[in-house]
Amino acid sequence: MNKVQETKVTDEKRNGFERISGAEALLRCLAEEGVDTIFGYPGGAIMPVYDKLLDYRDRITHILTRHEQGAAHAAQAYAMVTGKPGVCFATSGPGATNLITGIANAYLDSVPVVFITAQVASSLIGTDAFQETDILGVSMPVTKWNTQIKKPEEIPGKIAKAFFIARTGRPGPVLIDIAKDAQVEKFDFKYSPCNYLRSYNPHKPLNHKAIESASIMINHAEKPLVLAGHGVLISGAEKQLLAFAEKTGIPVAVTLLGLSAFPSGHRLYAGMLGMHGNYSANTLTNEADLLIAIGMRFDDRVTGNLKKYAKNARIIHIEIDEAEINKNVMVDLEINNDAKEVLENLIPLVRENSFHNWVREFRILDKTEYEKVIKPETMPEKGNLRMGEVVRLVSEITNGDAIIVTDVGQNQMSVARYYKFTNPNSFVTSGGMGTMGFGLPASIGAKAGRPDKQVIAFLGDGGFQMTIQELGTILHYGFPVKIIILNNSFLGMVRQWQEMFFSGRYASTELVNPDFVAIAKAYNITAKRVTERNELKDSLTEMIDARGPYLLEIKIEKEANVLPMVEPGASVSDVTLTYK
């Protein structure tokens with residue numbers, strides 16, 4: 001070793017620290033946090049990071065999507081099916097702003113994603129330099145925390161803080177914006193994970209008195225009902241919820257994002273709440289004398305008209321985010337703790353019970369819904385194909401064991417209603433934002449996170465075209481996702497509202513679509529079109545059994561409506577079962 005080499009080694013390793021660039025430090029930090037997959041799209045300001053990423057190919061897989069929004073949705077889906085924070089890269093300016101819909105989507109659905117954007121050099125910040133955008137200001141309302149890095153020394157501490165904030169308490173997206181010069185400059189690197197932040201207390205001491213009070217209320221209730229939301233899945237409380245329900249005999253209804261938190265075939269399953277939820281779950285909410293809300297936020301799609309909501313019931317709210325308690329619905333007892341921890345302490349205090357007559361009321365209404373809505377939708381004897389029958393067949397063929405991803409609209413509500421989920425975290429959809437275009441990139445993220453599982457995406461013809469470019473990502477990596485396009489040549493849910501509330505005036509909702517099968521084949525994806533009922537089951541089986549990616553376009557009834565429906569402004573007990 002010559003003197004020049006000796007000097008370099010001494011410079012690179014001093015006092016136990018290793019001297020590396022900010023770009024490499026970023027990747028070291030991600031590796032320390034257990035990150036194995038990154039979704040992203042390169043550009044000028046983030047090029048130093050991508051250059052170093054080549055040296056980490058044996059530890060971190062980078063998936064190049066075809067649009068930054070696609071990367072954001074894929075990262076969210078990855079987080080939803082793995083329970084680990086997703087990670088997403090984008091460059092400055094338009095690269096960063098293209099993430100915003102995905103960031104907002106993760107924020108409203110409480111999903112931990114670490115977004116890392118690049119920024120122009122620190123000396124240029126605030127000068128309206130080429131591709132400079134104030135991404136901190138833009139993203140602040142839809143991130144749990146965001147920050148900007150101008151010096152490489154800040155990288156380890158802020159990355160550690162970002163992961164800690166993203167995954168603790170009520171999870172959510174964070175954003176770190178890194179100036180280009182901070183990626184290039186070298187510093188003495190050392191990484192330490194974060195497990196404490198002053199003034200941030202994600203884990204509060206358990207409120208035992210409130211839990212005791214809850215047990216008394218539960219033990220004296222005559223018509224109790226559990227409302228289970230996404231928080232049950234986030235806390236990993238599915239087994240505790242099942243044990244609580246079976247001990248108490250209390251029926252369990254779930255929100256859209258709470259689907260898969262409770263077995264859909266269980267005798268105490270009361271169905272889905274919400275605008276297109278089940279007849280019994282919605283109607284009997286207003287008959288209950290006690291609501292036990294667990295990990296849900298009383299969204300307007302669940303409550304309907306607040307002035308008419310649950311007037312006969314006392315309400316217990318178990319919720320980790322204090323800001324959600326008494327925000328929409330005033331409650332009688334609040335328990336501001338983690339759902340799993342609360343249920344584990346509540347189960348020993350509640351009595352073994354059964355509410356045969358109360359549960360029977362649900363079954364009576366279920367029968368009415370089956371005859372008027374479910375049977376005609378899922379087992380039609382004639383007419384054009386229906387969304388419900390497609391979903392029912394997929395559920396039967398997969399035994400409810402697949403990871404199901406949806407876009408937003410009628411396809412989403414049909415899947416939520418008719419797929420029989422058997423495993424937790426097996427439903428990936430956009431809840432609070434209702435983001436069309438979510439489904440296709442999310443299916444890629446879900447498959448990347450759970451390559452061992454069958455991943456099936458249900459998409460509408462409208463939403464599919466919003467992120468259709470992600471077929472290129474499937475071509476690139478060969479992700480064996482199965483894509484079902486439920487094609488009614490309409491923006492179906494908007495058309496339904498136009499029919500029901502705007503005198504059937506279809507303003508800008510009918511679509512002239514391309515040949516989806518030809519497009520899929522251009523991306524080297526096996527594809528087929530189904531128009532007749534007698535070929536549906538075999539085609540679905542062929543798609544599911546295929547080893548690679550497969551797109552199945554199914555032509556369905558153009559002007560079918562998703563029912564039941566709690567109309568805007570109506571009480572949850574005023575459910576529309578039939579229309580026309």
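N336 is buried, at a relative accessible area of 14%; buried denotes under 20% relative accessible area, exposed over 50%, and partly exposed the range in between, with a 1.4 Å probe and protein chains only. The structure is a predicted model, in which local features need pLDDT of at least 70, side-chain atom pairs count only at pLDDT 80 or more, and totals for chains, interfaces and linings use all residues. Residues are numbered from 1 along each chain as its sequence is written, and side-chain values use heavy atoms, with hydrogens and water left out.

N336 sits in the loop between β15 (333-335) and α15 (339-346). Helices (H or I, at least four residues) and strands (E, at least two) are DSSP runs, numbered from the N terminus. The side chain of N336 forms a polar contact of 2.8 Å with that of K204, and the N336 side chain also reaches the backbone oxygen of I320 at 3.0 Å. A polar contact is a pair of N or O atoms within 3.5 Å; within protein, one must be able to donate a hydrogen and the other to accept it, and residues adjacent in sequence count only if both atoms are side-chain atoms. With residues up to four places away in sequence not counted, N336 touches K204, E319, I320, D321, E322 and I325, where contact means heavy atoms within 4.5 Å.

Helix α15 also meets helix α10 (residues 208-219): their axes come within 10 Å and cross at roughly 60°. Axes are lines fitted to C-alpha atoms, for helices over the stretch in contact, and angles run from 0 to 180 degrees between N-to-C directions. The two helices, α10 and α15, are therefore oblique to each other, the class left after roughly parallel (under 35 degrees), roughly antiparallel (over 145) and roughly perpendicular (65 to 115). On the α10 side, H208, I211, A214, S215 and I218 meet V342, N345 and L346 of α15. By class, this contact of α10 with α15 has five nonpolar, three polar and no charged residues; Ala, Val, Leu, Ile, Met, Phe, Trp, Tyr, Cys and Pro count as nonpolar, Asp, Glu, Lys and Arg as charged, and the others, Gly among them, as polar.

Ten of the eleven residues of helix α2 (residues 22-32) are buried, so α2 is largely enclosed by the rest of the structure. Among the buried residues are E24, R28 and C29. Just after α2, G34 takes a positive phi of about 85°.

Most residues other than glycine have a negative phi, and most peptide bonds are trans. Q131, in the loop between β6 (113-119) and α7 (135-139), has a positive phi near 60°. At 29% relative accessibility, Q131 counts as partly exposed. S503 likewise has a positive phi of about 60° although it is not a glycine; S503 is exposed, with a relative accessible area of 70%. A cis peptide bond, with omega about 0°, joins L563 and P564, and P564 lies in the loop between β21 (550-555) and β22 (565-566).

The loop between α22 (492-501) and α23 (516-522) holds S503, and E510 is also placed between α22 and α23. E510 is exposed, at a relative accessible area of 52%. The side chains of E510 and K558 are joined by a polar contact of 2.9 Å. Residues up to four places away in sequence aside, E510 touches S489, F490 and K558. The C-alpha atoms of E510 and I374, which are 136 residues apart along the chain, are separated by 26 Å.
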